Amino acid sequence: MIKNIAYIPGDGVGPEIMAEAAKVLIAIGEKSGIEFKFRELLAGGIAIDKFGVPMPEETLEGCRESDAILFGSVGGPKWDNEPWENVHTAITPSRGIQLLRQTFELYGNIRPAKPYPCLYNKSPLKPEILKDADVIVVREQCGGLYFGEPRGIFNEKGIRRGVNTLSYREDEVERIARLAFNLAKGRSKKITSVDKHNVMESSILWRQVVEKVALDYPEIEVEHMYADNAALQLVLDPKRFDVIVTGNIFGDILSDLTACYHASLGLMPSASIGDSKFGLYEPIHGTAPDIAGKNIANPLSAILSAKMMLEYSFDLEEEALRIDKAVEKVLNNGYRTADIYSEGDIKVSTSEMGDLIVRALQE
Ligand code: GGG
């Protein structure tokens, strides 16, 4: 079996952590008779430098010709100097990833957070709070506040006003709700829909549509929760959640919050999917320019993103599970990259962590 992967390392720590994810895929492929073919493509700051745009047509074409996209991260201080007036028309590295998600209508961003017992001591939360937590945040990412019109900075009689618009169409809510309900079917059958129904019309519509979709999934328990309360509950009692479905900005914020279960964004993968098996897989974190090029970043976010690719795009459940087990084993054996290291642990570099996962897969 051959799987063609659009391989987009991006900027900052992207290339370092992606190299480890590729190593792990090659190792699992050798064991399972799958050939992963990587086609390296440019996006983000590195593409701005070479082509003047963050998402070159050549990259989009390469993605169209692939079975899935493995993405690192984009951005960095080198490209932050422009005085942006409109983030959608400015040439910014982030625009590269947003265009990719929009072009392929990858509206559902799946962000799992399941704490590892051996890392409970790293988290600011108590072990009894983390025990048995297993949350997935499903974030709508092609609409909402980050894309609504009108947007911009307008001059009104000498006073400037910054404007963004939170707007959702019924069909946009319906498709993300269905994605979340389908996901919940294979888990513990509970959905929490997060909104601000008490203060925003877009949330009133959101809640109505989720209720309508729920009628098609009678086996799934549905609760609605305000975003502010969801933030509190994710800290006080994460195990009350299974699948959370929410809009772009709430999902962005709440999923970062769940990184506190591991005390690091370095273990947080994501899958971006739409109506087909084609998906984009990337760490939720950015480029970490302060540690880029030092071989100290945690590659597990990228390795676990590759694992999600096996699961969601390729239906390779068994292989995905083996990566999960290998990661757990290496962490259980005390190996830690700098972000989660403390005295008594065995400190390893980015590439050493990748090698350890490969070795655990081969055992
Ligand atoms: N891997 C995630 C990443 O590259 N983040 C940096 C970034 O520009 N994010 C904007 C976004 O995710 O919309």
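Student: How does the shell around the ligand split by class into nonpolar, polar and charged residues?
Tutor: Keep in mind that this is a predicted model. The residues around the ligand include Gly72, Ser73, Gln98, Arg101 and Glu282. By class, that shell comes out as two nonpolar, six polar and two charged residues.

Student: Which element gives the largest share of that shell?
Tutor: Two elements give two or more residues each to the shell around the ligand: β3 (68-73) and α4 (93-103). With three residues, the largest share comes from α4.

Student: How far is the polar side-chain atom of Ser94 from an oxygen atom of the ligand?
Tutor: Start with Arg101, which has a side-chain N or O atom 2.8 Å from a ligand oxygen. On the backbone side, a polar atom of Pro283 sits 2.8 Å from a ligand nitrogen. For Ser94, the gap from its polar side-chain atom to a ligand oxygen is 2.6 Å.

Student: What percentage of the ligand's accessible area does the protein cover?
Tutor: On its own, the ligand has 360 Å² of accessible area. The protein's share of that as cover is 82%.

Student: OK, which element gives the most to the lining of the largest pocket?
Tutor: Ile136, Arg187, Lys307, Glu311 and Tyr312 are the lining residues nearest its centre. Elements giving two or more residues to this lining include β5 (135-140), α10 (300-312) and α11 (317-332). The top contributor, with six residues, is α11.

Methods
Residues numbered from 1 in each chain as written. Predicted model: local features only at pLDDT ≥ 70, side-chain atom pairs only at ≥ 80, totals over all residues. Heavy atoms only, no water. Near = heavy atom within 4 Å. Polar contact = N/O pair within 3.5 Å; in protein donor to acceptor, adjacent residues only side chain to side chain. Areas by Shrake-Rupley, 256 points an atom, 1.4 Å probe, with all protein chains shown as cover. Helix = DSSP H or I, 4+ residues; strand = E, 2+ residues; numbered from the N terminus. Nonpolar A, V, L, I, M, F, W, Y, C, P; charged D, E, K, R; others polar. 1 Å grid on protein atoms, 1.4 Å probe; cavity = no way out; pocket = protein on both sides within 12 Å on 5 of 7 lines; lining within 4 Å.
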